[in-house]
Amino acid sequence: MKIRSFDEAGAARLIVDNPPVNALSLSKGVVASLTDALRTALDDPAITHVTIEGAGGRFSAGADILDFELPPEQIEPTRELFALVAGAGKPVIALITGEAFGGGLELALACHARLCTADARLGLPEINLGLLPGSGGTQRTPRLIGVAAALDLMLTGKPVTGAEALSLGLVDEIQAVERLRSAADAMARKGVPTRAPRADAVQREELRLTLHKHARLLGRSVAARQIGVCVEAALDVPLYEGLQLESRLFHELMASSQSRALRYAFFSERAVARLPGLEQVTARPVASVGIVGGGTMGSGIAAAALEAGFRVTLTDTNADMRVRAETVISGIFDRDAAKGRITPQQAQERQSRLTMAEGYEAFGEVDLVIEAVFEDMAVKQAVLRSLEDVVRPDCILASNTSTLDLDILAAATADPARVIGLHFFSPAHIMRLLEIVRGRVSAPDVVATALAFAKRLRKVPVVSGVCDGFIGNRMFEEMLRQAYQLLEEGALPAQVDGALERFGMAMGPLKVMDLAGQDIGHKIRQRRMAEHPDRPYSIVPDILCELGRLGQKTKAGFYDYPNGRNAVASDAVNDMIRSVSAQRGIDRRAICDEEIVERCIFALINEGAKIVEEGIAARPLDVDMVWLNGYGFPRDRGGPMFYADELGLTYILARIRSFEKLSEGWAWKPASLLVTLADAGRALRSLDTAARISV
Ligand code: 3H9
């Protein structure tokens, strides 16, 4: 039963009970049952007022996102329900605990009053799905709390706490959870509060200023612009007309490519942890974690694990490194406390679960050990072998390698089935992506444990098979190859990065290499040249290294960094690039942004398709989640695989074949998977059927 109800003290108590998040589902009958229960209460003369609450300590996470495939008229019952609530002849009061998000908050806004707990979370996150609040939010929120606060709520999508909601005027009272019902009864007896409307002229000025504040977002997000349109209408037209406009724009947005991409991202981020084939596998319990190595990665991983509630033991043979690691970790928690993200007590409690140790003996009872030592096969193999002598037989051994072959690493141990890769991205306590590298013989329950562990760290875990660079770096190498090639053919760094940043990448690839350090790329290229001496490589990045321009750390790379962080175009580098072209006999030509984007992004798509074809990634969505969460691919384009489907595989393939004629044509051999799917008129997304995705 999705709605429970009972009568008490003259009140009808309606409880939304649709686990896990009490979504106001149409297809599961939640909206219909709530409408019936409300009608019954309103028709019953013994009932003086109605309260609505959510079961399990959460009010409602909003509309059921899976319903969004329904035709527009089938979504109407939600709006009809909210109209019934707003127009009820008896007070209807929302009692909010946990989350009231999206349609959940809009239901509460349609009520005549709202009571909530201080720690409840209220928000209108529809923008994160490329939508606007479509059941009254854009009209009722500004009328209740003013346009500035309403726009901030809708454009950031960030929730506010109950206490903040009270100061905004979004709710009427804060109450302890056990007092909510009786306080609502008292309010109904006294009469629900009413508010005076705000002065029009002030509101108009606030609208102008707030839209100006969010100008950058408005430039990119269609939903943001439509939210602005609706909120402006809230100042100009009666509620009824505003609601009609909102409904029309909501349905337009639903069909937009940005919204489809963002909804795909929402479900895919959850689907990555449900790896096909592991459905019946039970994860091993993990309460304590050992970490080997107190460097940047080791410290970051320790901070992430402590934050998630694990007991952590960190070892480093070097006493100075131990001191440094402890300072780095406490610094992370102190900064969080100073910014008000956690209390000083929480910071202390996290730190208290950390034990520093010199040797591996301290790992006797831990459930999982992650080595984060120097990136060298022999060093890492020696660490794993030594660990085997002290840990329990069921303890999982994880390596944080970013480049080494996990199968060779695991082969050095007596039980390779318990070895897995956990490729954290730096800074490890912040970056959401975690590549879980599954060795040829990694045991299924070891993979399932790694996934469950990552979920507890609130990471987006993507399982990758063993290959050079795993999913993310292997694809990035192909993007970089094009970026370097474009430099030699006629583009300059600011143009390459600019085109990709305008496409939506968080940072252009050349700036990424300046941040990572040109010496890292140099090492990888040396390896590649040894593996394939027959292939031509761009020499531009190697000359940078020879010039000592290693990136941000030397204040000079592809760009100059006079203040250490902000990139400024370098005449010296631009001249060097031109002279490389001359030296290689290349007639430099004008290159347009479109060519830059196509070559760099289609290179990702082609390599991503090969990765799926080889089974390195289980599904296209796994590739996409790597790129959204670790490499700054624009979320509103869904990821390289989703974007390929949006453009059409036939088009992508035709362009890839035309690029095959370029000087590095060998790098453009089309993935067989692309050819097969394009020939069959199918999309990459059709391979994602195991995931619960509807776009
Ligand atoms: C809206 O309301 C439109 C209206 O304005 C207009 C209507 C006309 N629907 O995140 P979790 C699933 S738009 C369907 O892992 P947590 C989720 O997929 C909506 N399913 O848990 C997952 O499924 P699975 C505006 C939903 O505790 C499971 O619930 N609302 C929905 O870490 C658990 O989720 C939002 O955008 C949904 N609305 O976080 C809220 N929400 O287990 C989006 C969740 O099969 N949701 N699921 O993978 C959230 O922010 C988080 O899920 C929440 C819980 C904070 C609620």
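Reader: What percentage of the 695 residues in the protein is buried?
Author: The model is a predicted one. A residue counts as buried if 20 or more other C-beta atoms lie within 10 Å of its own. Of the 695 residues in the protein, the share that is buried comes to 48%.

Reader: What radius of gyration does the protein have, and why does it agree with that of a compact globule?
Author: A compact globule with 695 residues would have a radius of gyration near 26 Å, and the value for the protein agrees with this. Along its principal axes, the C-alpha trace spans about 85 × 60 × 50 Å. The radius of gyration of the protein is 28 Å.

Reader: How many helices and strands are there in the protein?
Author: Helices here are runs of at least four residues, and strands are runs of at least two. On that basis the protein has 29 helices and 19 strands.

Reader: Is helix α4 parallel or oblique to helix α5?
Author: Helix α4 covers residues 137-145 and helix α5 covers residues 147-156, and the two pack with their axes 7 Å apart at an angle of about 140°. Angles over 145 degrees would count as roughly antiparallel, and those from 65 to 115 as roughly perpendicular. The angle therefore makes α4, relative to α5, oblique.

Reader: How many residues of the contact of α4 with α5 are nonpolar, polar and charged?
Author: From α4, the contact draws on Gly137, Thr138, Thr141, Pro142 and Ile145. From α5, Val147, Ala149, Ala150, Leu153 and Met154 take part. Gly counts as polar in this division. The contact thus holds seven nonpolar, three polar and no charged residues.

Key. Residues numbered from 1 in each chain as written. Predicted model: local features only at pLDDT ≥ 70, side-chain atom pairs only at ≥ 80, totals over all residues. Axes fitted to C-alpha atoms, helices over the stretch in contact; angles between N-to-C directions. Parallel < 35°, antiparallel > 145°, perpendicular 65-115°, else oblique. Contact = placed C-beta atoms within 7 Å. Rg over C-alpha atoms; globule rule 2.2 N^0.38 Å. Buried ≥ 20, exposed ≤ 12 C-beta atoms within 10 Å, placed from the backbone.
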